[in-house]
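Load the model in your viewer and keep the selection tool at hand. The stops below go from a whole chain to single residues and end at the contact between chains.

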Amino acid sequence: MNVTRSDVEDFLYNEAALLDEWRLDEWLDLLTDDCVYRVPSNDAPDGAFTNTLYTIADDIARIKARIVRLKSRNAHAEFPHSRIRRLITNVRILAQDDSRLSAVANFVVYRFRRNEDVREYVGTYHHTFSKTPAGLKIAERIVRLDAMELASLGSVSFIL
Amino acid sequence: MSARTYVIDDPERMTFKVNRRTLVDEHVLEEERRRIFDKCWVYLGHDSELHAPGDFRTRIVCGRPILFCKGTDGSVRALLNSCRHRAALVCREAAGNAKRHVCFYHGWVYDADGNLAIVPGKESYPPTFDQSKFGLTPVPRLESYRDFWFVNFDADAMPLVDYLAGAKEYIDLVVDQSPSGRMELIQGTQEYDIAANWKLLVENSFDDYHLLSTHATWLKYIKDAGVEIQAPAAGHLLPSHGVGKDLGNGHAVIDNVNFRGRPVARWIPIYGEAAKPEIDAIRTELVQRLGEERAARVADTNRNLVVFPNLVINDGSSVTIRSFHPLAPNRMRVTAWALGPKEESASARARRLDSFLTFYGPGGFATPDDVEALECVQAGLGTFREIEWSELSRGINKTGEQLNTDELHLRAFWRQWNKHMSGDSQPHIKAAAAE
């Protein structure tokens, strides 16, 4: 199955819509059952999560727990949910074979909360997809932020 | 209010209140910079951040750009990172190794020890210009305790080892996790702002009263993951017993029986079955080295330590060092690191980092809710003219031990803060009389 850039773009745009609309259970359906989601620390983005402090390093169990948390009204940092909007561009397929595909894309995620200045998270998505009979599934989702430090971005309290 | 009525501390009337103006006022912050941050020992960095001669890190401490570096003789230095010519930052990189530091503005060159090595066009300076007097200026005082380096901008300050008072015992408990007595900073820094007054993070860092309500989702997470959460004992709010302690000089701690797992060394299901033998081995090493009692102290308690004014060492789900500086009355910059034993195995290190992220940091399951709580407090402080006082009296009527959910440890911080700010050894008496 040869996957084109436009297939990957369709996937990423759909993923973005689910995340921006807080349809987190539907987003979960896009992931393989051993998916990982990681956000490296800003000052050591090339370090491995096993020997470097990350901002987020979730295995699938932690991803699911994160969604349980975010759906709770006790996830105070995201209650009420912030408004988020992501723009995705510069999509490139880096490699693919019969079973896997890796792609990279640029993003901006804007986050709005009441009486707060907009926060702009800028960076790159590094997706590794698994080619399954049901279509592409995300096996690895690495989100690299360009900011030198989080500073005024504060927390990464939503799914970036 | 009179300039000095910041805190009402009246044990007889069982009253302890903090004036909310202390959390919003620019003049208070200016006074804090002068009376606290320029007088107290303030954390700079960890010994393990510098290995070879010439290694350096730059950071901002108490508003000053500092070059934290290792000289050619191997000694650790803290130099003001400002050119002696016209003040420009000399070193602009976050970290690295350099034989010399060049101020790019006019090209003055300093060696790794901070001596001024080259002055372009030196012949135009008058004969009174003495190049040897223009090295990078050292911070007035630089001292360390168990690899934690602190600076003090007051040349007459008491020695660090005296300043730390009872906090030393709690630093020792952290360092005792390492068989060699050497901990190291793990790469990867979490550096983020909170739109709140810096003292609110002091309070929050060892305030266990907020755990159940603020961190309900974290508790649910560890419960769902199979961690056993017992019902609180009589008179308690939390699943295990814990106490608050005043350690002197404004330092204080909460010291809790662990229920949430510890990389050194208390297994919980989140670590996975495969981790059990290694955790057992770590525990055995602790007992052999320290004896049963001390090993239990290290392995079976969580401790959140505040070193006055702005260093937090939390030894809980993992070890985190947190230092924070005010940017404005309603804003601070937090820098947080993870710390682990130098000789830790790759698997134990990975487990420590994973455990860190279950609770701590900007993407953790707990810290973002703390940040939200502090920012909500700051927003609420818009009412400080109408609602003048915050209430910190939990446990004040108790004799003897106070719980981690009481506020003795918060009062210890505020008393020291008030002492500095009032320039008075017994400001509470004056404050109570004024009331």
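How many helices and strands does chain B have? Select chain B and colour by secondary structure: there are 11 helices and 21 strands. This is a predicted model. The radius of gyration of chain B is 23 Å, close to the 22 Å from the globule rule for 435 residues, so chain B is as compact as a globular protein of that length. Its C-alpha trace spans about 80 × 60 × 35 Å along the principal axes. Of the 435 residues, 48% count as buried. Among contacts in chain B with a separation of 6 or more, 62% join residues 24 or more positions apart.

Now colour by confidence. Chain B has a mean pLDDT of 95, with 96% of its residues at 70 or more. Select residues 425–435 of chain B, where the pLDDT is below 50; this stretch still has 21 contacts in the model beyond near neighbours in sequence. Where pLDDT is low, the predicted coordinates should not be read in detail.

Next, select residues 276–299 of chain B, which form helix α7. What does α7 of chain B span between its end C-alpha atoms? The span is only 15 Å, whereas a straight helix of 24 residues would span 34 Å at 1.5 Å a residue. Centre on G291(B), where α7(B) bends by about 120°. Then show the side chains of the buried residues in α7(B), including I279(B), I282(B), L286(B) and V298(B); R283(B) is buried too.

Move to helix α9 of chain B, residues 367–380, and pick D370(B). Is D370(B) buried or exposed? The count of other C-beta atoms within 10 Å is 25, and 20 or more is the cut-off, so D370(B) is buried. Leaving out residues up to four places away in sequence, D370(B) touches N204(B) and T214(B). For a distance label, pick G96(B): its C-alpha atom is separated by 33 Å from that of D370(B), and the two residues are 274 apart along the chain.

Last, show both chains. The complex has an ipTM of 0.97 and a pTM of 0.95 from the predictor. The contact takes 29 residues from chain A and 32 residues from chain B. On chain A, select β2 (56–58) and α3 (60–71), each of which supplies at least two residues of the side that touches chain B. Coloured by class, that side of chain A shows 13 nonpolar, 13 polar and three charged residues.

Notes:
Residues numbered from 1 in each chain as written. Chains lettered and ligands numbered in written order. Contact = placed C-beta atoms within 7 Å. Helix = DSSP H or I, 4+ residues; strand = E, 2+ residues; numbered from the N terminus. Nonpolar A, V, L, I, M, F, W, Y, C, P; charged D, E, K, R; others polar. Rg over C-alpha atoms; globule rule 2.2 N^0.38 Å. Buried ≥ 20, exposed ≤ 12 C-beta atoms within 10 Å, placed from the backbone. pLDDT = per-residue confidence, 0-100. Expected span 1.5 Å × (residues − 1). Bend = angle between axes of the 7 residues up to and from the residue.
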